[in-house]
Amino acid sequence: MVTIKDVAGAAGVSIATVSRALADPDRVAAATRDRVLAAADALGYTPNRAARGLRAGRTNAIGLLVPDLTNPYFAVVARGVSQRARSHGVAVFVADSEEDPAAEVDLLRGLVGQTDGVLLCSPRALIRDTDVLGAHPAVFVNHALDAAPSVALDDVAGAVAALEHLRSLGHRSIAYVAGPTTSWSDARRRDALQAVAERHPELEVHVLGPYPPTVEGGSAAAGVVIASGATAALAFNDTVAVGLMRRVIALGLRVPHDLSVAGFDDTYLTTLVTPALTSVHGDVTEVGRRATDLLLDRIERPDAPGELVLLPSWLVQRDSTAPPLSRLVPAPTTSPAPAEPTPGAR
């Protein structure tokens with residue numbers, strides 16, 4: 001097994017310098033740090049966090065708290081977390097609050113007692129109960145708090161891209177099927193959509209909801225979306241979009257000609273439905289990896305400044321969005337029937 005001594009020999013530096021370069025790179029000159037990292041990569045060296053944890057009295061485990069593990073988005077985040085943690089020899093405890101704010105707080109208390117740090121993914125209740133964290137290292141996913149590291153996809157760019165796409169197709173009345181009221185991402189999206197609408201006076205955006213971020217939530221929203229007169233709808237996530245599409249079709253309407261539908265997160269669901277779902281894409285696995293990197297750094301350096309890392313997002317266009325029916329099929333024109341001749345008229 002490659003040791004830190006091997007890396008030091010290959011890089012021509014001391015063991016202490018290697019340790020600093022890996023654990024606190026800002027304290028090492030850039031040239032030296034690059035030489036150490038290159039040697040570590042060439043030798044395949046991985047820091048033994050387990051041994052370091054034992055010396056520091058740590059659990060060598062991190063926690064991941066999600067609101068709904070059956071949601072494909074959170075499952076993919078969890079995969080990214082697991083991949084990165086495994087590469088560092090760190091265990092991951094996953095807790096699912098099942099969209100129950102009260103359960104979220106109780107689960108977090110348990111994770112705080114069993115881990116060196118916690119990843120909080122799209123928290124629902126902690127906005128009003130952050131004291132449960134205490135001084136425990138934490139990183140937020142899809143949420144931001146002062147002085148705490150956070151990672152998210154750029155919801156604003158994604159929402160704007162989706163709305164501009166629908167507008168370019170000719171839609172002027174567009175519904176947004178909103179998610180939970182405590183969702184940080186949902187609030188950012190609503191603000192972004194409103195800003196676009198203000199730039200385009202001909203555009204009307206109906207914010208509908210909140211609805212549960214589930215298939216059932218999308219199904220429940222279908223009647224309200226139709227009643228709003230919207231010709232297109234942007235859903236809080238792909239799961240909501242799928243529920244909306246299924247219900248709209250069951251009511252006898254066609255997607256996309258009677259109602260265009262777009263989602264968020266570009267999960268595997270997008271290609272399992274007919275028509276295939278237009279959705280805002282981002283590298284969700286990378287969200288999990290980056291959040292884990294920030295948390296492991298936070299554990300090593302509790303006083304490190306907080307930062308919000310926004311990863312890019314963009315729209316993937318599929319078959320569920322198209323010009324509204326009025327743009328595709330012009331209304332038939334009829335000529336007035338010839339008048340009946342008046343008796344005696346010439």
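**Figure 1. Contacts of H165 in the predicted model.** Leaving aside neighbours within four places in sequence, H165 touches T278, L315, Q317 and T321 (contact: heavy atoms within 4.5 Å). H165 belongs to helix α7, residues 155-168. Helices are DSSP runs of H or I with at least four residues, strands are runs of E with at least two, and both are numbered from the N terminus. The relative accessible area of H165 is 9%, so this residue is buried (buried: under 20% relative accessible area; exposed: over 50%; partly exposed: in between; 1.4 Å probe, protein chains only).

This is a predicted model, in which local features need pLDDT of at least 70 and side-chain atom pairs count only at pLDDT 80 or more, while totals for chains, interfaces and linings use all residues. Residues are numbered from 1 along each chain as its sequence is written, and side-chain values use heavy atoms, with hydrogens and water left out.

**Figure 2. Packing of helix α5 on helix α11.** Helix α5 spans residues 72-87 and helix α11 residues 284-300; their axes lie 7 Å apart, at an angle of about 45°. Axes are lines fitted to C-alpha atoms, for helices over the stretch in contact, and angles run from 0 to 180 degrees between N-to-C directions. The two helices are therefore oblique to each other (under 35 degrees: roughly parallel; over 145: roughly antiparallel; 65 to 115: roughly perpendicular; the rest: oblique). The crossing of α5 past α11 is right-handed, meaning that the near helix is turned clockwise from the far one by less than a right angle. From α5, the contact uses Y73, V76, V77, R79, G80, V81, Q83, R84 and A85; from α11, V284, T285, V287, G288, R289, T292 and D293. Seven of the residues in this contact are nonpolar, five polar and four charged. Ala, Val, Leu, Ile, Met, Phe, Trp, Tyr, Cys and Pro count as nonpolar, Asp, Glu, Lys and Arg as charged, and the others, Gly among them, as polar.

**Figure 3. Crossing of helices α1 and α2.** Helix α1 (residues 4-11) and helix α2 (residues 15-23) cross at roughly 100°, and their axes come within 8 Å. The pair is therefore roughly perpendicular. On the α1 side, I4, K5, V7 and A8 meet I15, V18 and S19 of α2. This contact has five nonpolar residues, one polar and one charged.

**Figure 4. The setting of the close-ups.** The protein has 12 helices and 12 strands. Of its 346 residues, 49% count as buried. Among contacts between residues at least 6 apart in sequence, 71% join residues at least 24 apart.
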